[in-house]
Amino acid sequence: METLKKTAEFAEVYEKGKAYGSKLLVLYVLNPEKDREEGRLGISVSKKVGNSVVRHRLRRLIKESFRLQKSKWAARDYVVVARKEAAGKSYAEIEETLFCLGNRSNSLAKGENR
RNA sequence: GGAGAAGGGUGAAUGAUCGCGGGGCGUUUUUCGCAACGAGGAAAGUCCGGGCUUCACAGGGCAGGAUGCCGGAUAACGUCCGGCGGAGGCGACUCCCGGGAAAGUGCAACAGAGAUAUACCGCCGCCGGCGGCUUCGGGCCGCGGGCGGUAAGGGUGAAAAGGCGGUGCAAGAGACCACCGGCCGGCCGGCAACGGGCGGCGCUAUGCAAACCCCAUCCGAAGCAAGCUCAAACAGGAGGCAUAAGGCGGCCCGUCUGCCUCCGGGUAGAGUGCUUGAGCCGUCCAGCGACGGGCGGUCUAGACAGAUGAUCAUUCACGACAGAACCCGGCUUACAGCCCUUCUCCGCUU
RNA sequence: GGCUCCAUGGUCAAGUGGUUAAGACAUCGCCCUUUCACGGCGGUAACUCGGGUUCGAAUCCCGAUGGAGUCA
């Protein structure tokens, strides 16, 4: 799975993309200029959210829920920002929130029930 | 059985499916496949010490910083071990930044007479004065003054020139005496810190050095974003080719632009440093112990936006603090519970 | 990952071991004004936390917590 790495790539999504927020997560979506085979994901967890273990676990949960349904996501650039309330939440809660935001941004393929 | 003291260990387990990291093997252009391995006791805070690397350096000193009872351990330490002294506890045991205040400087608010020095109220002696009483004797009482002796008592304070009891004295005072404390000098035990006991000195030296400072010992500086190697881009130098073309020039030489080769600097980037190490496990020997030595076995994360997760099933005490980033030795701080060993005191039973 | 700093009322801040911790803005009450503002008077409110040194600590020492800066 390809991920966003550079600060410039993140900044581009923040400035040009659209944002969709919820209590736990914030999703930024940007349609890339070139056509790409699959979407790219960037994850941002602030130091305010918690200590290293908490932040790392959130990163894994977001990454896993995106990876398992990767084929359904449109080939765009995504940045997911975890908010403070997301600390300590279970996989099911993170996954549900992420798919909800995906539907609102019309990034998920049709036929998805969530 | 209850109440404690000291030390150590552990930090949910098993299976299935999908997924991640580096290395190995097979295939080898990539890809793909296989079986193993893959976070901690604190990985944390960055408070000390070392290895390693680069820079600096004849030697020594100053400045600056750190440490501070004694002996030992160690690569080193501000760490550890064993003692000593002091404090606490019936005890097991625990706690202590524990050198020097007769080298010097400084500070000690307020209160108090006085803060390292003193004499306010007192107490006592001597000499005058005034008033009263009078047995008329400077005899008695009271008030006030001067000169001197004292530091017992009073009160202030965190702290007032050893404490307490006696002798002594006009009143007092280590002035003298016993006990306790202190200082000095031998002796004995101990490597030493120190302890024990003997003799002497009547006793002068308040506290603060986590105030400046003095003494002893130690320390060159920076840190893996250290450093080393390769190297697109882009500066530079040397040589050669073409002199076909252009600029300078009347023309030649020369010079700039062109192409090639070499040298060499170096950004992006890549590699290396990067995990075999003061390593871990077992056992024996020496030592009270920290630790040291011998023998045997073993290889156990190495990323570079940064790898351990998700789902399902079963069980239980329903899972704390928390994620490696060059590597070690410590310290400090966080931590749900569970387990083990040794010891102390109290109660009961035999 | 390394290094260097800071912390005093709600906010900005002074305070080099000794009264009840200075001041400004804000806030509350009263006065002034027909009312508001300005002005005047008065009040509430703080040494990040835990130990230690000292007779005495915001200040000195040790540890913790939170925050900031810097090295690409």
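How much accessible surface does chain A have, and what share of it belongs to carbon and sulfur atoms? In this predicted model, the accessible surface comes to about 7100 Å². Carbon and sulfur atoms account for 46% of that area.

The fold of chain A is built from 3 helices and 4 strands. Read from the N terminus, the order is α-β-β-β-α-β-α. Along the principal axes, the C-alpha atoms occupy a box of roughly 40 × 35 × 25 Å. The radius of gyration is 13 Å. A compact globule of 114 residues would have a value near 13 Å, so the two agree. Of the 114 residues in chain A, 39% are buried.

Charge was examined next. Chain A carries 25 positive and 15 negative side chains. The centres of these two sets are 6 Å apart.

Attention then turned to helix α3, which covers residues 91-104. This helix has 14 residues. An α-helix has 3.6 residues a turn, so residues three or four places apart point the same way. In α3, the buried residues are Ile94, Glu95, Thr97, Leu98, Phe99, Leu101 and Gly102. These buried residues pack against one helix, α2 (52-68). They also pack against the strands β1 (18-21), β2 (25-30) and β4 (77-82).

Arg104 also belongs to helix α3. Is this residue buried, partly exposed or exposed? Its relative accessibility is 44%. Buried requires under 20% and exposed requires over 50%, so Arg104 counts as partly exposed. With residues up to four places away in sequence left out, Arg104 touches Tyr20 and Gly21. Ile94, by contrast, is one of the buried residues of α3. Arg104 and Ile94 lie 10 residues apart along the chain, and their C-alpha atoms are separated by 16 Å.

What follows the helix? Just after α3, Asn106 adopts a positive phi of about 55 degrees.

Methods. Residues numbered from 1 in each chain as written. Chains lettered and ligands numbered in written order. Predicted model: local features only at pLDDT ≥ 70, side-chain atom pairs only at ≥ 80, totals over all residues. Heavy atoms only, no water. Helix = DSSP H or I, 4+ residues; strand = E, 2+ residues; numbered from the N terminus. Rg over C-alpha atoms; globule rule 2.2 N^0.38 Å. Buried < 20%, exposed > 50% of the residue type's maximum accessible area, 1.4 Å probe, protein only. Areas by Shrake-Rupley, 256 points an atom, 1.4 Å probe, with all protein chains shown as cover. Lys, Arg positive; Asp, Glu negative; His and termini not counted. Charge placed at Lys NZ, Arg CZ, Asp CG, Glu CD. Expected span 1.5 Å × (residues − 1). Contact = heavy atoms within 4.5 Å.
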